[in-house]
Amino acid sequence: MAATAFDDHERSHWAGRAAAYHGSFAALCAHPVPALLDAAGVAPGIRLLDVGTGTGTVAALACTRAAQVVAVDAEPSMLELARRHAPAADVRHATLPHLPLANDSFDAAVANFVINHVGDPAAALTDIHRVLRPGGRISVSIWRYPSPPAQQLWSQIFDAANVERPTDLPRLDPDKDFPRTCEGLSHLLGRSGFTHIRCDTLTWTHHTDPESWWSGPANGIGTPGVLLQRQDPNTIDRVRKHYDDLTAAYRDPDGQLALITSALLASAAVSAQPG
Ligand SMILES: C[S@@+](CC[C@H](N)C(=O)[O-])C[C@H]1O[C@@H](n2cnc3c(N)ncnc32)[C@H](O)[C@@H]1O
């Protein structure tokens, strides 16, 4: 299976950006982690694979639960920070859907906001299914679509600043895409071989200071970051002005932003019967 144009774009998108991710959107992605570990049944001694570990948020919490954690990511700068944040984990370089890991070698796997970053989601989940033992469990989170309010706010800011959306960004091939709903994610898990599928929508308020929230896109993180990096300095100043205006309504008395967001959290199992 060759990497898609979408995967190539992802590799360049994350290259060297671990610190920028950690200082901005990693805190947003951290919210579902305890529920994700619960849904995968992470308990002392369990052999857990954290796929797309990023800067190691999930791996670090799993280590405090005394799981035996292998954490992998496709981006070297992420691995460096993951090793720092989860020193008890075995952190390795690996890229979905070609994990260099043995069949049936894990009791559980988690992927926190990763399946929405791969060019072939079914192939990625099928590869995770391969490395889980019969009866093993998986839990995954992704952003839902239509986008939640916190993410929509970026669109409103770019619209207010009259920034046109690029038309050349790689998209998933239509035959590999899936609806970003509980039904869509559940169906994807089912066609990747999983059973006992369950999906919930998590909604929460993300509290962040305005400079951290801006720093993600300002350093190229996420779709707003891709867009911002293509603008000239005057346009970036204009976007920043609209950012300040439009986020004002979300500031609490301490000046922190309170942004409502939501994500899908699904869990599933590998059939207990081998083969
Ligand atoms: C939004 S970040 C989430 C990181 C982490 N799970 C967390 O909760 O903070 C997505 C991560 O997935 C990694 N990633 C994207 N595509 C991948 C692939 N095909 N194989 C492995 N990792 C991948 C990226 O390098 C990045 O670290």
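This is a predicted model: local features need pLDDT of at least 70, side-chain atom pairs count only at pLDDT 80 or more; totals for chains, interfaces and linings use all residues.
1. Which atoms of the ligand pair with the protein? Take an oxygen atom of the ligand: a polar side-chain atom of Tyr21 lies 2.7 Å from it. Next, a nitrogen atom of the ligand is 2.9 Å from a backbone N or O atom of Leu96. Ala74 also takes part through its backbone, with a polar atom 3.4 Å from a nitrogen atom of the ligand. How much of the ligand's accessible area does the protein cover? On its own, the ligand has 600 Å² of accessible area, and the protein covers 99% of it.

2. Turn to Ser192. Look for this residue in the loop between α9 (182-191) and β6 (195-208).

3. Is Ser192 buried or exposed? Its relative accessibility is 4%. Buried means under 20%, so Ser192 counts as buried.

4. Check the contacts of Ser192 beyond its neighbours within four places in sequence. Ser192 is in contact with Ala122, Leu125, Thr126 and His129. Find these four in the structure, then go back to the loop between α9 and β6 where Ser192 has its place.

Key. Residues are numbered from 1 along each chain as its sequence is written. Side-chain values use heavy atoms; hydrogens and water are left out. Helices (H or I, at least four residues) and strands (E, at least two) are DSSP runs, numbered from the N terminus. Buried means under 20% relative accessible area, exposed over 50%, partly exposed in between (1.4 Å probe, protein chains only). Contact means heavy atoms within 4.5 Å. A polar contact is a pair of N or O atoms within 3.5 Å; within protein, one must be able to donate a hydrogen and the other to accept it, and residues adjacent in sequence count only if both atoms are side-chain atoms. Accessible areas come from the Shrake-Rupley method with a 1.4 Å probe; for residues, only the protein chains shown count as cover.
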